[in-house]
Amino acid sequence: MSEECKNLIRDGQLTVNELQRFDVNNEQALLVPPDDANWMVTFDIWVEHQALLADRQFPVAVLIASDVDFDDGISHQVQALCQSDIALIAIDFPSYTDGRGYSLAQLLRNAYQWSGELRAVGDVMIDTVYYQARCGFDSFLIKPGHDAQLALDALHTFSDTYQKSYRQPVKNNTP
Amino acid sequence: MYIYDEIDQKLVEQRVAQFRGQTQRFLNGQLSEDDFRVLRLQNGLYIQRHAPMLRVAIPYGMMTSTQLHALAYVARRWDRGYAHFTTRQNIQFNWPRLEDAPDILAKLATVQMHAIQTSGNCIRNTTTDHFAGVAHDEIINPLVWCEIIRQWSMLHPEFAFLPRKFKIAVSGSVTDRAAIGVHDIGLQALESNGVFGFRVFVGGGLGRTPLVGKLINPFVAWYDLLTYLQATLRVYNLHGRRDNKYKARIKILVKDLTPEVFAQQVNEQWTLIKGGADTVTAEFVSAIADKFTWPSYKQLQDDDGTSIVHHLEANPAFARWFRTNIHQHKISGYSSVTVSLKATGSPPGDITADQMDVLAEMADNYGFGELRVSHEQNIILPDVKTRSLFSLWQELSVLNLATPNVGMITNIIACPGGDYCSLANAVSIPVAEAIQKKFDDLDYVHEIGELDLNLSGCMNSCGHHHVGHIGILGVDKAGEEWYQITLGGRQSGALKPDTKANPDSNANAAIGRVIGPSFAREQVPDVIARLIKTYLSIRESDVERFIDVVDRVGIEPFKKDVYMDPLLAKTSNLVRESNV
C-alpha cells in the first residue's frame, strides 16, 4: 500500500481508510450492505433497518450528518445507537467552518456515553484535528491535499488547555 | 494586571508557531485561500482595502505600559507609525504585510499579548467597563471574571466554528458602562441572598438587525458561570442558522425560538454539564485573582480634591477638562482620567506610536503602569492621584491629548469607514471631522451637555450608531454616499438599582429610530446642528439631556425641524428610501 493512501489517523498512527459508504441506490437494490467488513451506513438507514443490521459478523459503521438534531424526537434512537454493536460512529464535516460536529461529538461522548471509536470525516484538515480530538474524536480521515503526517503532528499543537471538561488529544502511541 | 503564568505563555507561543506554519503553507501554495481564510481571521488578520489589517486583543481593555510600548514598536517597525482603537477594546494595525504577521504576533507574545480570536466566527475578546477595578460603584471586580472567561473562551475546542461571531460583555457595576444590552451575551453582576452571580442577557447586537438582549436567566451563581456559558453556546452552535450569514447571529435564534424556549433549551443542555469539571471553584477564583498585580494605593484620605481647587478656580480650561474627563475613583485621593483620542482632525480612536510611548510613560509616572482602553475608543489612566491632575493635564495639553469632550458631542465613536474598510459603504473619518469642526466652540459643546454621537460607515455597525443618542449610518445609493440619522439610541443595558421591581427589563439600552430620508455627506454637520438647535429650544433645563428630551417628546419635533428646514429639505427629498 503506498504511503499517500494513508490518510486516516487512528490509534495515533497513519493508516489506510477502508470504510466504504453504502449506497441506497445500489444495483442489487439491497436495503443494507452485505455482511462484509468496512461498510458504513447513514444514521437514517441505521434507524430504518436497525433489526437487519443487528447481529452481523461485521458490524457497520454509522455516519451522522452535521445537521442531525439529537433533540428532535430522535434522542432515543441516538441512545440505542450508542448501545448497539456497531463498528464506529463517524460525524461528517461538510465544510470545516461548520462547527456542529464538535457539539455533536461532545453530546455523544458525554450525554450518550459513546465510548467506541468516533471518527471525523469530510472537510477534516491539519488545522482542525486538535480541536476535534479535544471534543472526543479519536480517528480522523484527512481530506485530500492535506498532509496526514502533519495532521498527526498537529494533535500536539498545544501542550496545555484551559477547558477542564474536554479531553486532551490522544497521544501518539507509536514508539 | 493579570500576569501570565508558564502555561498562559506557552499557549500564546504555541499559537504563534501554529499560525507561522499555516502562513508558510499558504505562501507555499499548500493551503488554499479558502482553507486559510478562517485560520487567519481567527488570528486577527483581515484582508482590507489597502493591505491586511491585524486586530490585536486588549483583553477586557486592560494593558500595561510595557505592552503599549510594544504596540508602538509594532506600529513603527511593521506599520506606518499609528494604529486604531476599536469599539471592542482591540487595537488595529492598518498596513502590515501578511508575511510579517507571524513575527508581529511573536513580538506581541513576548509582552503577553495576542490576536487570538479577534475575528472569525468564534468567541471574541471579552469586554468590560473601562473603569473595571477602580469604579466607585462596583458590585464585584469584573477583571477577575473577565480573565476567567478569557481563559475559558480561548482556544475553546467546541466553539471555534460557530454560525457567526460571538461577543461577551461583563458589567460589575451598578451603572453599565460595558453596553451589555447589545452583546451576544451580556453579564450583569448582582448579589442575591448573599451569593453573588450574574444576570444573563442573550441576543443583543447591532448590525443589520439591531436588538436589545433578552434576559434569559435572572441569576446564575458565580460557580455555575462557565457551565452556563457552555450550555448557551452549545445551543447556539447546534441550532443557530448557518444558511444565511445575515440571520446567523444568536439574536435571530433567540428571536425565532422566543427567549423562553431558548432559555429552556439552554437549561436542558446545562443540566447535562452543571456541576461538572468546568464548575468554577473558590480556589480557582483566588488563584486567578492572585495572578493579578493589584495597585498598592497610598492612604490619601486628607485629599478630597481640595489640593486642586485653586487650579479649578483659576483655570477654566482645566476645570472644563476636569468636568468631562475625570471620573470618581473607589479610593479617596485618586481619580481616573480619560485621555480623549477624539481631538478634531485626528480620526476617532487613532493613536500614533509617539502618543503610545508618551502615554505609557505617563501611566508609569502618574499611576501603576496600567492603562485601559474604552469601547468609546479612548485611553484611561485609571489611578492618578487627584493632586497630580493639574500637572498631568498640562502635559496632555501640549500633546493635544487633553480634549475636554468625554461624554460630549465631539467624542464621536466611529469605525474606520470607507477610507480603510472594504465592507464600508461610506466614509466615517471625514464626516466625524466635519462634525467636530462644526462644533469647535467648547463652550457650546459643554452647553449642549452629555450626548453620544456614533457613526458607522455601513450596516455592520462597528461605530455603534444604533445606540448613539444621535446615530449616523453611511449608506450607498447608486454609488454615492448618503447618511441616515437615528435618534434615541442608548448603549447602557444594565438595570438601575431602583428598577428591581421589574427584573425582566434591562432598562436602558435602546435602538435609535430613523428620522427619515438620508442626507448627502456635506449636509450632515448642518443636520446635526439643526437637531441640537431643536434640543436646546425645547429642553426644560440644562440638566435635561438630549436623550432625555428625545424620550420625553419623541423624534417628531426633531424630524419636523430638520425636514422643514428649506436648506436641508431640498436635496434630501431627492432621495427617498424604501426602508424608512
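**Strands, helices and a contact between chains**

Let's start in strand 18 of chain B, where Leu473(B) is the bridge partner of Ser456(B). Before I go on, this is a predicted model, so to speak: local features need pLDDT of at least 70, side-chain atom pairs count only at pLDDT 80 or more, and totals for chains, interfaces and linings use all residues. Residues are numbered from 1 along each chain as its sequence is written, and chains are lettered from A and ligands numbered from 1 in the order in which they are written.

Back to the strands. Strand 17 (residues 453–456) and strand 18 (residues 470–477) of chain B run parallel, joined by four bridges. Strands here are DSSP E runs of at least two residues, helices are H or I runs of at least four, and both are numbered from the N terminus. Two strands pair if DSSP finds at least two bridges between them. Strand 17 of chain B also pairs with strand 16 (residues 413–414) of chain B, in the parallel sense, over two bridges. There, Ile413(B) stands opposite Asn454(B).

Which way do the side chains of strand 17 point? Leu453(B) and Leu455(B) point one way, Asn454(B) and Ser456(B) the other, and all are buried, meaning 20 or more other C-beta atoms, placed from the backbone, within 10 Å of their own.

Next, an open sheet in chain B: five strands, order 1-2-5-4-13, antiparallel pairing. Its edge strands are strand 1 (45–47) and strand 13 (350–352) of chain B, each pairing on one side only. Strand 13 pairs with strand 4 (residues 82–85) of chain B over three bridges, and Asp350(B) is the bridge partner of His84(B).

Now a helix pair. The axes of helix 1 (residues 6–27) and helix 4 (residues 101–109) of chain B come within 9 Å and cross at roughly 175 degrees; axes are lines fitted to C-alpha atoms over the stretch in contact, and angles run from 0 to 180 degrees between N-to-C directions. That makes the two helices of chain B roughly antiparallel, the word for angles over 145 degrees. Residues making the contact include Val16(B) and Phe19(B) of helix 1 and Leu105(B) of helix 4 of chain B.

Last, the two chains. How many residues of chain A are in contact with chain B? It's 24, against 29 residues of chain B, with contact meaning C-beta atoms, placed from the backbone, within 7 Å. Helix 4 of chain A gives the largest share of chain A's side, six residues.

How values were computed: Contact = placed C-beta atoms within 7 Å. Parallel < 35°, antiparallel > 145°, perpendicular 65-115°, else oblique. Buried ≥ 20, exposed ≤ 12 C-beta atoms within 10 Å, placed from the backbone.
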